[in-house]
Amino acid sequence: KVIKSFTKRAKEKMLRYRFNLMISKAHVQYLAWASLMNKTSKAELIRKLIDQKFNKDIEYQKYTKKNK
């Protein structure tokens, strides 16, 4: 229980940035369904999808290496 609490707080500290996202009803329905099926939050699902996308994006990888 203590470790779980610590892990949650540590993860929250890493997530510093927030923004609003306007999406369609179909997107909301999909996120609700997918988060239920994956037993995760909608926000975590979106973060995972973004991670998958930018980890495969060659141009972004070049950009980040260039701007370090």
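Which residues form a nonpolar patch on the surface? In this predicted model, Phe19, Leu21, Ile23 and Val28 do so, with about 390 Å² of accessible area together. Such patches consist of residues with over 30% relative accessible area and no salt bridge, nonpolar side chains (Val, Leu, Ile, Met, Phe, Trp, Tyr) being joined within 5 Å. Accessible areas follow the Shrake-Rupley method with a 1.4 Å probe, and for residues only the protein chains shown count as cover. Local features need pLDDT of at least 70 and side-chain atom pairs 80 or more, whereas totals for chains, interfaces and linings use all residues. Residues are numbered from 1 along each chain, and side-chain values use heavy atoms, without hydrogens and water.

The fold contains four helices and zero strands; helices (H or I, at least four residues) and strands (E, at least two) are DSSP runs numbered from the N terminus. Of its 68 residues, 7% are buried, where buried means under 20% relative accessible area, exposed over 50%, and partly exposed in between (1.4 Å probe, protein chains only). The protein exposes about 7,100 Å², of which carbon and sulfur atoms supply 60%. Phe19, a member of the patch, lies in the loop between helix H1 (2-14) and H2 and is exposed, at 64% relative accessible area.

Phe19 also belongs to the lining of the largest pocket, where Tyr17, Phe19, Ala43, Ile46 and Arg47 lie nearest the centre among 17 lining residues. A pocket is here an open set of points on a 1 Å grid over the protein atoms alone where a 1.4 Å probe fits, with protein on both sides within 12 Å along at least five of seven lines; lining residues have an atom within 4 Å of a point. Helices H2 (25-38) and H3 (42-56) are the elements that give two or more residues to this lining, and H3 gives the most, with six.

In one, Glu44 pairs with Arg47, the closest N and O atoms being 2.9 Å apart; both residues lie in H3, three residues apart, about one turn of the helix. Glu44 is buried at 15% relative accessible area, while Arg47 is partly exposed at 31%. In the other, Glu59 meets Lys62 at 3.5 Å, N to O, within helix H4 (residues 58-66). Glu59 is exposed at 53%, and Lys62 is partly exposed at 48%.

Terms used: Patches are made of residues with over 30% relative accessible area and no salt bridge: like charges are joined within 9 Å, nonpolar side chains (Val, Leu, Ile, Met, Phe, Trp, Tyr) within 5 Å. A salt bridge is a side-chain nitrogen of Lys or Arg within 4 Å of a carboxyl oxygen of Asp or Glu.
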